[in-house]
Amino acid sequence: MAAFARMVKGQVRNYSAPLDMAIPASKQKYIPSSGSYPKGFLVSGTHVGVKASNTKFPDLALISSETPCSAAAVFTTNKFQAAPVQVSKKTLQSRQGQGIRSVVINSGCANAVTGKGGLEDAVNMGKKVDECNGLSEPSTIVMSTGVIGQRLPISKILNKIPTAHESLASTHDAWLTTARAICTTDTFPKLLSRTFTLPSSPGRTYSLAGMTKGAGMIHPNMATLLGVLCTDAPIDPSALQSLLMHAVSRSFNSISVDGDTSTNDTVAILANGAAGGAPISSPASDDYTAMQDILTSFAQSLSQLVVRDGEGATKFVTVRVQNSPDYESARLIASTIARSPLVKTALYGRDANWGRILCAIGYTQGVAPGTVVPERTSVSFKPVDGSPVLKLLVNGEPEQVDEERASVILQEEDLEIVVDLGGGEKGEQGLGGEEAVYWFCDFSHEYVTINGDYRT
């Protein structure tokens, strides 16, 4: 009986999605109670039952603009690209990023590695939405998320798309339901919105909204990760693509849960210009610069919600690599630390084992020569409460670590690791001043439990 009790206790999931889809108390603070949504966009979340076990929760999301949009997207670099990735790429290329009206997403099945039949299913999903919009040319981006290697119950999905279209609305509740419809092992829907102005029209208010999903298979290189952003600002397609790529490189491509890059990763943005004003086109314009900062900051906030919902995660960790000769070297080092199982398990165990961080820095591949010099490398823990940093290594020399204070710092949910490659407190700047930031979570027993029985 004692052994049985231990086994049952081991199956209790403290950080994963409850079977009744109730949002854990600790995650309620991330759910917005209201929003500022872009003009001209309508959304819906509809129950299909893509997975037979899902008898009532929404699993089909539809995002539509009342007018044609400029559109851009970044996709997974995984060689086994899912059918919706291939189809959406083709649609965007053929339309040259113009005239896109909708995004349709199903959860419960990734439609990945499903051959020609899977491609046909993805095409038919987009075509059905286009028909509902009264369009004959491909104008819909398609996304799917869930188990790899299984065909979609396509008839069920196609039959429910008209229902989804009829249910389109612009309310906050509609946006939140739509965000929930794309969840798989997520414990909460991830939705953000904000308003902003541009230099050319300081009196005009624009809106930006976005939803994302992801909790496992997360280490994007554009895991199962999807994101849709919508704005009523007017942005030309070529400018929109470059804006999105810059934002994603510093947000969705700077997060990690478990180091796995999915077959389905897609982040797309639609801009319908419904709020008016002059279109953003030239990278040299003040509007472009402002929009780049706005979009990047927004994408960072949205992507960080994925890390906070990492499967089994108990910690949200920021790693900041400073004083690097170039941004890419700093980013590679931050990425290596973020996906180190030894670093992640030490943080879960609340162990200030900075040697594991140093080890990851030292074996990082692809950094510029001379980037990592042991005598110039410093590592610290920076508490989020504003108290002084806890120095672990200064210019290659180990500090006398206050283990009691380290334990207190590691009790907190949030933590920042600072790696200085250029001399730390000595202030040597010979290596340059570039900085990269990555966000990741710890590895817990829960992660193994969730993924050990993912299909069962």
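Start by selecting Asp121, which is buried (under 20% relative accessible area, against over 50% for exposed and partly exposed in between, with a 1.4 Å probe and protein chains only) at a relative accessible area of 4%. You are looking at a predicted model, where local features need pLDDT of at least 70 and side-chain atom pairs count only at pLDDT 80 or more, while totals for chains, interfaces and linings use all residues. Residues are numbered from 1 along each chain as its sequence is written, and side-chain values use heavy atoms, without hydrogens and water.

A salt bridge here is a side-chain nitrogen of Lys or Arg within 4 Å of a carboxyl oxygen of Asp or Glu. Asp121 sits in helix α3 and Arg151 in the loop between β4 and α4 (154–166), so the pair ties together parts 30 residues apart in sequence. Arg151 itself is partly exposed, at 47%.

Next, select Arg95 and Glu137, whose side chains form a salt bridge at 3.9 Å, N to O. Arg95 belongs to helix α2, and Glu137 to the loop between α3 (115–132) and β4 (140–147), 42 residues away.

Then move to Lys29 and Glu413, joined by a salt bridge at 3.7 Å, N to O. Lys29 is exposed at 58% relative accessibility, whereas Glu413 is partly exposed at 34%.

The structure holds 11 salt bridges.

Finish by selecting Phe80, exposed at 56% relative accessibility.

Note on methods
Helix = DSSP H or I, 4+ residues; strand = E, 2+ residues; numbered from the N terminus.
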